[in-house]
Amino acid sequence: MSAIASHQAGRSSAERHSAVVEMPDELRADVRLLGGLLGQVIAEHGGPDLLADVEKLRKAVIAARRGDVTVDEVAALVDTWPIERAVLIARAFTCYFHLANLAEEHFRIRTLRARDTGETPLPDSLVQAVLEVKKDLGDARVAELIEGLELRPVMTAHPTEARRRAVVTAIQRISAQLAEYTMPGRGSGERAESKRRLLEEIDILWCTSQVRSTKLDPLDEVRTAMAAFDETLFRVVPLVYRSLDAALGEGTGTRAPMARPFIRYGSWIGGDRDGNPNVTASVTRRALQIQAEHVLLALENATTRIGRALTLGARHAEPSPALKAALAAAEDAVPDMVSELGTRSPAEPHRQWMLYIAARVVATRRRDLDLAYRSPDEMLADLRLCQESLAAAGATRQAYGELQHLIWQVETFGFHLAELEVRQHSQVHAAALEEVRAGGPLSERTEEVLATIRVIAWIQERFGVKACSRYVVSFTRTSDDVAAVYELADHALGGRAPVLDVVPLFESGADLANAPAVLSGMLELEPVQRRLATNHRLLEVMLGYSDSAKELGPAAATLALYQAQERLTAWAAEHDVRLRLFHGRGGALGRGGGPANRAVLAQAPGSVAGRFKVTEQGEVIFARYGHAAIARRHMEQVTNAVLLASTPAVEARTADAASRFRPLAERVAAASERAYRALTEAPGFPEWFALVSPLEEIGALRLGSRPARRGLGAPRSLDDLRAIPWVFAWAQTRVNLPGWYGLGSGLAAILESDSGLEELRAAYREWPLFASLLDNIEMSLAKTDRAIASRYLALGGRDDFARQVLAEYDLTRKLVLTVTGHSRLLENRRVLSRAVQLRDPYVDALSHLQLRALKALRSGDTLTGAERERLSTLLLLSVNGVAAGLQNTG
C-alpha cells in the first residue's frame, strides 16, 4: 500500500490532509515503511489491479473530503466492484489501520522516552504528584496519603475487542520487528533482515482472517486477558512502585522501601453472569484456576531468575542466623533437594534459599502439598527472611533491588493474580429466594445461583478470602436485594457460608438518586454489620455509567453520577463508613470512557479519598496494557490524579466550582435529557436504529460470550439493548450519537440569556467536571462524519428521525465550539486531532464499503444464500476495519 503510505508521509503531496503537516518525521517514516510493505503484499497476492483499485477508492474519499466529488460519486465507484473485490479492498484498509495504529504506538513510546530526561518530572507522573503534595502540605501529609492509597483496575467481561486474538498476536510480532528495524546503531545487514521479517509478518497479517469463525466462550476471554498479565502487568507493576519510592526519598534500591504496594487487580471475566448464561459455577472455578496457573508460573520464573543471579559467596555476604536456621530446617524436611542445591551453589546460601523458594512455588502450582506454600504470606515471609539477611550482610542493592520487585509482585498478585468478582442481576436472586423459601423443587437457574456461592467458598478455602469475596448485584433497588444474597448463601452452605462483600450496583437515574437510602437499609442487615466490624467499616458501592448514559443521555448522566457521588460521600461521613466507589466505566465515550486521569480529577470532592476502583473494558485493556511503557505511563497518570484529587486544596477548588455552577449544570442536564428522550423514546425509534446500523450483524461478529441483547427479535425499546452494541453500532454509522446527543439543546437553553455564554465559559475553565464533559463530547463529535452519517440514517426510511439527529449534531458542534472558544474540533489536542484526521479518509472508504453491504442486506431484494453470505462477510470485515480506524468499539 505504498501509495497510501506516500499520501500520509509525503510532504509535497497536493492532496495531503491538514493533519499530515503536523506528522513528525519519525512517525512519517514508520507509516511510509509499513504502508509500502503492505502495498507490496497486496500486489503480490491480488495483483497490481487490486492495488490500483485500492488507490482509486483512496483518492476518491480524499477528494470527497475536499469537496471535489460527492459521496454519491464515491458510492457509485464502490458499487462497480464485485463483492469479492470489495472484500479484498476492505481487507486492505483494515490491515492498513492495524499498521497505522502500531506506528503511532511506537511513536508515542519514543516520545515518552525522549521526554523522560530526568531534569524535570514528566507531567502527570508520580514524581510530579509527590512534589506538588509535599509543597502544599508537607512530608507528613504525603506519607498519610500514600498509606491509604489504592488503585483497583478491574478487567471486565465486556469483550469489545473486535480483533481476533490471532490478529492481535500478528500485530505484536510486527511491533517487535519494527522496534528491531528502528533501533539506533543497527547495521545495514541487521536492518535488511528486520525488513525481511517485517514483510513476512505483514504477509501473515494479510492472510489471517479478520473475523472470528467461532464464538468465544468465557474461558477464552479469561485466557485473552491473561495475555496482558503475562506480557505487561507482572513486570510493570513493580516499576510503578519503584517510581513512587524514588519520588518519596533518595536512595531507592539501597534502603528499605518507602512505597507500599497500592495496586490490586480485579476481574469479572469468568465471574460476571448477569445476562450471560455461559458463565456457570464451573466456569468461575476454572477461571480462578487459570489465573492461579499464570501467576504461579510468573512467580516461579522470577524467583528462579533472581535466585540464580544471587551468586554472592558467604564470605562476602554472610547469611543471618535466621537464614542459616531456615536452610537447616529445609534440609531436614527435604534433604535430597537442599543437598542438591548446596552442591550446585556451594557457599552461596542466599542463592540456595531463593532456589528453594522457587521449588516451593513449583510445588504450589502442582499441588504437591508436602512442599507447597499454603498462602502468599508464607512465601513473603521466606522472601523477607532473605532480604533481611542480605541487608544485614551489607548487600543492600541485592536486598532492595530485584528481590524487592518480587516481594511487591507477591503482595500485589498473591497466588490468585486478580480478585475474581461475581455479578448477578437482583431479579435472579429474588426469584431464587422465592423458590428456596417455598421449599419445593429448585429450578436449574436457582441451583446455579447456589452452586456459584459454593464455588466462592471453595475459592476462599483454596486461595484465601482476597481471591473472591465481592458479589455485585446489578439493578439494586432496595436493601432487600443485598439481603437476598446473604440469605441464599446461608441456604447454600449454612454456617460454612463464605465471606461476602455484597456490592450494590446503581445504574438508572432513579436508582442513583435512591442510593443513600439503600445503603442506610444495608447498615441494618446483620451480615453487613458483621463485615463492617472486621474490615474497618469499609463499604463498596458501584456506579453504572453505561446504562445511565443510555437512559439519560451523556450530559444528564454525567451530572446524575456526580450528584450521586456527592450524596454517597456525605452519607458515608454521617455514618462513619469508609466508602469505596467502584466506577463502572466503559471504553467508549458514550459509556463513561475517556482519559482516566482526567476522569479522576473530575470526581466529586471527598469521593476519591485516595481510593479509585474502575472497570477496564474490552479494547481498553490492550490499549492501556498492551505495551509496558504505555501501561506504566497510564498507571502513573491515574495514580497522580488519585493523589491530587485527594488533597484538600483540589477538593476545595472543585467544591467551590461545583457550588457556583450547579444551577447552570442542572439546566443543561434537564434540557439535554428532554432532547435525548424525545428522540430515543419516540415510537418506532428502536426499530429505526436497527435498520440504520449494523446492530443485527454485530451479533455475528462473535465479540464475546455474552448475548448482545436481552431477549430475542428486533429491539422494542432501548431496555432490550445492552450498552455495548448500542454504542458500537452508532460508532459504525459514524454518528456516535451516545457520545454527544442532547448537549446542544442543553447548551442552547443557557445561551438564551444574555450572560449565558459567559457562564458556560467560566464553568468550562473552572469546573473539572464540566470541562471533562465538553472535552469528551468534542472528541466524540470529531469522530462523527456528517455526510456519511446521513447515508446511514437514510436507510431507516424515517426522514423525521434523520433530520432530528442531524439538527442536534449541527447544534451541538456549533455550541461546543462556541463555549470552548475553539475554531475547530480538538484544536487544543494536537496529537489526538492528528490521529483522528489521519484516519478519517480511510475510515470513509470502509464506511462506503459497509454501506454497500448494509443497503443490499436491508433492501428486501431476494438474495441467494451465497449472495447474503458474501455481503455479510464484507459487512463484518468493514466493521472490524472501522473499529480499528476509530479505535473505538464499545
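Strands are DSSP runs of E of at least two residues, numbered from the N terminus. In this predicted model, strand β7 covers residues 538-544, and L538 is found in it. L538 has a relative accessible area of 14% and is therefore buried, the limit for that class being under 20%. Apart from neighbours within four places in sequence, L538 is in contact with L532, R578 and R580. K195 lies 343 residues from L538 along the chain, and the C-alpha atoms of these two residues are separated by 55 Å.

Strand β7 belongs to an open sheet of nine strands. The order across the sheet is β3-β2-β1-β9-β8-β7-β6-β5-β4, with parallel pairing. The edges are taken by β3 (419-420) and β4 (422-425); each has a single partner strand, so one side of each is left without a neighbour in the sheet. Helix α17, formed by residues 426-438, packs on the sheet and touches both β4 and β5 (470-474). The direction of α17 makes about 75° with that of β4.

Within the sheet, strand β1 consists of residues 150-155 and strand β2 of residues 266-267. These two strands run parallel and are joined by two bridges, with S267 in β2 as the bridge partner of M155. On the β9 side, β1 is paired over six bridges, again in the parallel sense. In that pairing E150 has R611 of β9 as its bridge partner, and L151 stands opposite F612 in β9. Strand β8, residues 578-584, runs parallel to β9 and is joined to it by two bridges. Here H583 stands opposite V614 in β9.

Strand β1 is mostly covered, with six of its six residues buried. In a regular strand the side chains alternate between the two faces of the sheet. For β1, one side carries E150, R152 and V154 and the other carries L151, P153 and M155; all of these residues are buried, and both faces of the strand are covered. Strand β9, residues 611-616, is likewise mostly covered, and six of its six residues are buried. From β9, R611, K613 and T615 point one way, whereas F612, V614 and E616 point the other way, all of them buried.

Strand β6 is formed by residues 501-506 and contains D501. The relative accessible area of D501 is 12%, so this residue is buried, given the limit of under 20%. Leaving aside neighbours within four places in sequence, the contacts of D501 are with S469, R470, Y471, Y486, R531 and N535.

Two helix pairs were also examined. Two packed helices are described by the angle between their axes and the distance between the axes. In the pair formed by helix α3 (residues 71-79) and helix α36 (residues 830-858), the axes come within 10 Å and cross at roughly 65°. This angle makes α3 roughly perpendicular to α36, since angles of 65 to 115 degrees fall in that class. The crossing of α3 and α36 is right-handed. On the α3 side the residues involved are V71, V74, A75, V78 and D79, which meet H848, L849 and R852 in α36. By class, this contact between α3 and α36 comprises five nonpolar, one polar and two charged residues.

The other pair is formed by helix α27, residues 648-680, and helix α31, residues 743-751. The axes of α27 and α31 come within 7 Å and cross at roughly 135°, which makes α27 oblique to α31. The crossing of α27 and α31 is right-handed. Helix α27 contributes L664, R667, V668, A671, S672 and A675 to the contact, and helix α31 contributes L743, S745, G746, L747, A749 and I750. The residues of the contact of α27 with α31 divide into eight nonpolar, three polar and one charged.

Technical notes: Residues are numbered from 1 along each chain as its sequence is written. This is a predicted model: local features need pLDDT of at least 70, side-chain atom pairs count only at pLDDT 80 or more; totals for chains, interfaces and linings use all residues. Side-chain values use heavy atoms; hydrogens and water are left out. Two strands pair if DSSP finds at least two bridges between them. Helices (H or I, at least four residues) and strands (E, at least two) are DSSP runs, numbered from the N terminus. Contact means heavy atoms within 4.5 Å. Axes are lines fitted to C-alpha atoms, for helices over the stretch in contact, and angles run from 0 to 180 degrees between N-to-C directions. Buried means under 20% relative accessible area, exposed over 50%, partly exposed in between (1.4 Å probe, protein chains only). Angles under 35 degrees count as roughly parallel, over 145 as roughly antiparallel, 65 to 115 as roughly perpendicular and the rest as oblique. A crossing is left-handed if the near helix is turned anticlockwise from the far one by less than a right angle, and right-handed if clockwise. Ala, Val, Leu, Ile, Met, Phe, Trp, Tyr, Cys and Pro count as nonpolar, Asp, Glu, Lys and Arg as charged, and the others, Gly among them, as polar.
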